[in-house]
Amino acid sequence: MNLVESFASFFSFADVNVRYVTLGSVLLGMSSALVGVFAFLRKKSLVGDVVAHSVLLGVCLAFIISGTKHPLALTLGASITGWLSMYCVDLVKNYTPIKEDTAIGLVLSVFFGIGILLLTSIQHSGNAAQAGLDNFIFGKAAALVGSDVYFFALIAVGLMLSVAFFFKEFTLISFDTNFAKAIGFPVRRLELLLTTLTVLAVVTGIQAVGVVLMAAMLITPAATARFWTDNLKIMLFLAMGIGALASVSGAFVSFAQPNMPTGPWIVLIASFFALSSFLFAPRKGILAKMFIQIRNKRQFADENVLKSLYQLGENGKDFLCERTMREILGRRDFDTKALKSSLQRLCRQGYLKKTSEGWQFTTEGFEKGKRITKLHRLWELYLTEILRLAPDHVHDDAETMEHIITPELEKRLEERLKFPTVDPHNTEIPK
Amino acid sequence: MIIQVPNPILEVHNLTVSYHRKPVLWDIDLTIPSGSLVGIIGPNGAGKSTLIKSIMGLLPTQSGFVKIFDKELDQVRDRVSYVPQRESVDWDFPASALEVVLMGRYGKVGLFRRVRDSDRQIALECLRKVGLEAFQNRQISQLSGGQQQRVFLARALAQKADLYFMDEPFVGVDAATETAIIEILRQMRQEGKTVLVVHHDLQSAAQYFDWIILLNMRLVASAPTEKAFTAELLQATYGGKLTLLAEISDLVSKGDYPLREKRGV
C-alpha cells in the first residue's frame, strides 16, 4: 500500500480494529489534555508522572486479588494506588522539611519499584492469564478492543462534564487558592476532585501510551495551547484538539507502518506541535521575539542615520544639502554594510533622496532627524536636572531612550523641563 | 496603647500564630471600631500579613479566636473580603481583567452556578471605579503592576462586603495608582465600610488611616492614629530589636516544643 492508499483506507475506518484504536486514542488524548490544562496551570505538571508510575502497583494488586484482567478491576486498583501516591506526596510535603519535587521523586520510585516487583513475581508464577499485564508499562494502543473504547468514552464524558460543571471553581483554585478559601469555597474537596479526575485520565491513558509517556499526554497539549491563546476556555478546547489530533496521527502512523508503535508516535507528534509552537507562535514564539528584536535594531539604526544627518546639518546650518557615506561615517561609527541598507530603506520609506554624490533629507526625513536629536537632548536634560545624574553619564542612556519616547511622553517631558532650549552640554535643543 | 472599643466590627482575642512551627505572633488582643480605615504597620517580618491571613482562617492558629460582626467567620463570609498580596498569584494565568474581577462575585453566586448578567454588570462597574474599564478584555499579564493591583481592588469591590482586609495594596504601584486606591478606600469608609490595610510606609500611614495597629511579633498599639503615632510607640515597634522574643521563637522551632501545654498535664 502506498501512502495515499493507506490514508484512504485508514480514514474510511472500515477496519473495526482501526476504529477501536483510533477512537480509543482520541478519547484518551482528549481526556488527559483536559485535566492536564489544570495540572499545568496549577504548576503541578509532574503530578501526572507520579500517578502514572504508581498505577502499575494497583494493576498488579488488582490482578492478584481478582485473578482476572477485567478492565473494571484493574482500573479500580490503579485508581486506588494512583490516588494514594498523590496523597503520599502531600503528606511528605506537609509533614517533613522535604520539598515537593523531592517528595515526587521519592513516592514515584517507591510505588513503581513495588509495582515492578509484583509484576515480575506474577510473570514467573506460571499464571497464563497474566499475559498482557506488562502492556501497562509501555502501553499498547493496538491492543485496544471494543469494551475498552466504551469504557474510555464513559470516562472521557465524565471528565468533560465534571470540568464543565466545576469550571468556575477549578479556575479559581488554579489562579488564587487563598482567595477561594477566603470566600468559603471547599478548596480541599475541590482539589481532591481534581486529583481524582487526573487519576482517572491517567489510568485510562496508560493502557495506550504506558507509564513513562503518560506525563507527556497530560502536559504537552496544555503547554502547546498556552502559546496560542490567553483565554482559558479556548485553551481547554485547543488542548483537547491537539490531544485528539496527535492521537489520530499516531494511530495512522502505526497503521501505515505496522511495525511502528502507536503510543510513542502520539507523544512524538504532540511534542512536534509543542516545538512548533515554541518556535512559531505569534508574540510568545521564539521567532516572533527574534523578529521584534530585528525590527528594533533596524529602527534604531535608521533613526541613528537620520540623527547623524541632522547633526551634520547643524554645523553649517545647512540641513538639506547632500551628504556622502564618508561624511556620515565621520559623524558616527556605523557598520558600513548596515549603513548602506539603512540608507536604502530610508530612501524607500521617503525619508531620504538618493543624489549623484550621496544622500539628502526629504522634509519628512529632516523632521524625523530633528525629533530624534531633540529627544536625545531632552532626555539628557531630564537625567541631569531631575534625576541629578552627572552630565558625563547621561549620553548612553539617551542613545536608547531617543528611540522609545512616545509623542505623549515627549510633551510631558517638555512641560516638566519648562520647554528648555539647551541640553546639559550647552547644545541647542531643536524646537 | 491598646484601646478596646465597644461593639467592635472585628475582635481578635488572644491570637497566637506559628509559621513552620516558629511563633510569629504572640497573644494578639484587639478590637476595631466599625467604619474605620485601619493601617496595620510594622517592620518586615513583624507578622502583618500573618495577622490578616489568620483572621481569614488561611493559617492555623495556636490559640485564641476571631469574631467578626460578633459571629464566627464562616457565618459572615459573604460580608468579608480579602485581597491577597499581588505577588501571591501568577499573573500569566490565562484570564482577562474582567474575568478576575468576576471572581469577586463567585462567593455570592455560590458553588456550581454560573455568573449572571447582573454579576457581570457589577464587575464592570467596579472596573470603572478603579479606572480600568478600557482594559476589561486585556490579558492580566499585560497590565502594569499598578493596574494589576487595581484589578484586585475591583475584585474586592465586586464582593460588596462590609469588612475588607488588604495585604500590601500599595507595594509596587505608581504614584497615580496609590492616589486612586486611597481615594477609593476613603469613599468606602464614607459608605460605612471598614477597611484594614497592611502598609509599611510610615510617612503616608499617618495621613491615610484613622486607626493604626502597630505590630512587631506582638501588638504594640491599636488606637486612633493620633494616639498610636507617638515617638515612644514607634520606637517600641521599629527600634530595639526584639532579640529575646526572636531567640525564644527559634528555640521553640528548633526544639519542636508545643506552644501551648495541653490541659491536665
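**Chain B and beyond**

Analyst: Chain B has a radius of gyration of 19 Å, which agrees with the value near 18 Å that a compact globule of 265 residues would have. That radius is taken over C-alpha atoms, and the globule rule is 2.2 Å times the number of residues to the power 0.38. This is a predicted model, where local features need pLDDT of at least 70 and side-chain atom pairs count only at pLDDT 80 or more, while totals for chains, interfaces and linings use all residues. Residues are numbered from 1 along each chain as its sequence is written, and chains are lettered from A and ligands numbered from 1 in the order in which they are written.

User: What does chain B span along its principal axes, and how many helices and strands has it got?

Analyst: The C-alpha trace spans about 55 × 40 × 35 Å along its principal axes. Chain B has 11 helices and 9 strands; these are DSSP runs numbered from the N terminus, with H or I over at least four residues for helices and E over at least two for strands.

User: How much of chain B counts as buried?

Analyst: 42% of its 265 residues. Buried means 20 or more other C-beta atoms within 10 Å of the residue's own, exposed means 12 or fewer, and partly exposed is in between, with C-beta atoms placed from the backbone.

User: Which strand does β8(B) pair with?

Analyst: β8(B) pairs with β9(B), antiparallel, over 6 bridges; strands count as paired if DSSP finds at least two bridges between them. B:Ile212, for one, has B:Ala223 in β9(B) as its bridge partner. The two strands form a hairpin with 1 residue between them, and 5 of the 7 residues of β9(B) are buried.

User: What's in that turn?

Analyst: B:Met217, which has a positive phi of about 65°. B:Met217 is not a glycine, and it counts as buried because 20 other C-beta atoms lie within 10 Å.

User: Where is there a positive phi in chain A?

Analyst: A:Asn426 has a phi near 60°. That residue is in the segment after α18 (407-416) of chain A. With 7 C-beta neighbours inside 10 Å, A:Asn426 is exposed.

User: Back to B: what does B:Leu102 touch?

Analyst: Leaving aside neighbours within four places in sequence, B:Leu102 is in contact with B:Val115, B:Asp119, B:Arg120 and B:Ala123. Contact means C-beta atoms, placed from the backbone, within 7 Å. B:Leu102 is in helix α3 (residues 97-102) of chain B and is buried, with 26 other C-beta atoms within 10 Å.

User: How many residues are in contact between chains A and B?

Analyst: 20 residues of chain A contact 17 residues of chain B. On the chain A side, α8 (167-175), α9 (177-182) and α11 (232-256) each give two or more residues.

User: And which residues have the most contacts inside the largest nonpolar core?

Analyst: A:Val55, A:Ala239 and B:Val101, in a core of 169 residues. Such a core is a set of buried Ala, Val, Leu, Ile, Met, Phe, Trp, Tyr and Cys residues joined through C-beta atoms within 7 Å. Helix α10 (residues 187-226) of chain A gives the largest share, 21 residues. Apart from this core lies another, of 21 residues, including A:Leu306 and A:Phe361.

User: Last one: how is chain A divided into domains?

Analyst: Into domain 1 (15-282) and domain 2 (289-416), with bounds from an automatic or database domain assignment. Their centres, taken over C-alpha atoms, are separated by 57 Å.

Notes. Contact = placed C-beta atoms within 7 Å.
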